[in-house]
Amino acid sequence: MKSPSLLLRFTTLSIAILAGTCPAEEKPKPPEPPAYLSPETAGPDFSLQGEYESSPGGFKLGADVIALGNDNFRAVFHRQGLPGAGWDGSAKVVAEGKREGDLLRFRGGWTAVLDQSGLSGQTDQGETFQLKRVERHSPTEGAKAPAGAVILFDGTGVDAWHGGRMDDRHWLASGGKTKETFQSFQLHLEFILPFKPLGRGQSRGNSGVYLQDRYELQVLDSFGLKGEDNECGGIYRNSAPKVNLCYPPLQWQTYDIDFTAATFDDSGKRTKPAVVTVKHNGITVQDRLELTSATPGGGFETEVPAPGALQLQNHDNPVFYRNIWLVRK
């Protein structure tokens, strides 16, 4: 016969299993959704996902078509054009889509059909549209470092980084931190996000650029999303981007950052907050923003007078960077 204490433990564990309240360490962690790092391996959904816009002279409209995995898609329509390229800021229209053979059919307030020739459909007001897939490039992609700039990564090595890792494409993997520290500066960098159609929220291509290792500029595949402070272009826990300029995954994107460090008096009390302006793919998404606090997850949990490093956060996602340079102010 089992002892009373052993019987009690056995009964308690059985109830926990039935109730789904086993300790976290006894529950298997769900597998991470697959991440694709090139168009060649991304599958058929990748060729349909992307940005679509009308031809000049036609009904002005832009659309983000987002792959959600298992033949599911979402279309987000913008009147007058794509974000940063004509969109008038009016309410977006969302339609859900499903692959039906060689076609995608979207249904909602608006209806549309997508095939290799483009996206055609009708609004709830009876307006018809025909959109073509486009691939935008940031006007600062490939920007050359000016004289006197600190070259942090140019594809030739990772000597400027603690924990820096370069792959065989000569891209810098997330997870490094600069050996040098900085106060005020102007920074240019370029990043590329993986294609994770089954990923959701913060598991979809997550990284971050920590300024002075204390303020996080979010990096995330937030293509087609609302644009929050924890999405691309947002300063985490400080400010959402003015407009969501996130391109689709597997396209190079740029950040151009002007950062002025906080100032402190002799006692260590902050007298002026840090200020940052951010251009995402050439469009200002944070304009002279005063930073209210440090971001969790950096090397500094609080604001201090000391300079800080640049950190490219590793958040268990294959996010890569290139062409990183900095000019001290």
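**Exercise 1.** How many bridges join strand S13 to S22, and in which sense do they run?

*Solution.* Start with the ground rules. This is a predicted model, where local features need pLDDT of at least 70, side-chain atom pairs count only at pLDDT 80 or more, and totals for chains, interfaces and linings use all residues. Residues are numbered from 1 along each chain as its sequence is written, and side-chain values use heavy atoms, leaving out hydrogens and water.

Next, the terms. Strands are DSSP runs of E, at least two residues, numbered from the N terminus. Two strands pair if DSSP finds at least two bridges between them.

Now count. S13 (residues 185-192) is joined to S22 by 7 bridges, and the two run antiparallel. Leucine 187 has leucine 326 in S22 as its bridge partner.

**Exercise 2.** Find the residues of S22 that stand opposite phenylalanine 153 and alanine 173.

*Solution.* Take S9 (residues 150-153). It pairs with S22 (residues 320-328) in the antiparallel sense over 3 bridges. Phenylalanine 153 faces isoleucine 324.

Then take S11 (residues 172-173). Its link to S22 has 2 bridges and is antiparallel. Alanine 173 stands opposite phenylalanine 320.

**Exercise 3.** Is arginine 204 buried or exposed?

*Solution.* Locate it: arginine 204 is in the loop between S13 and S14 (207-211). Its relative accessible area is 6%. Buried means under 20%, exposed over 50%, partly exposed in between (1.4 Å probe, protein chains only). So arginine 204 is buried.

Look at its neighbours. With contact meaning heavy atoms within 4.5 Å, and residues up to four places away in sequence not counted, arginine 204 touches residues including Gln49, Leu220 and Asn317.

Methods:
Helix = DSSP H or I, 4+ residues; strand = E, 2+ residues; numbered from the N terminus.
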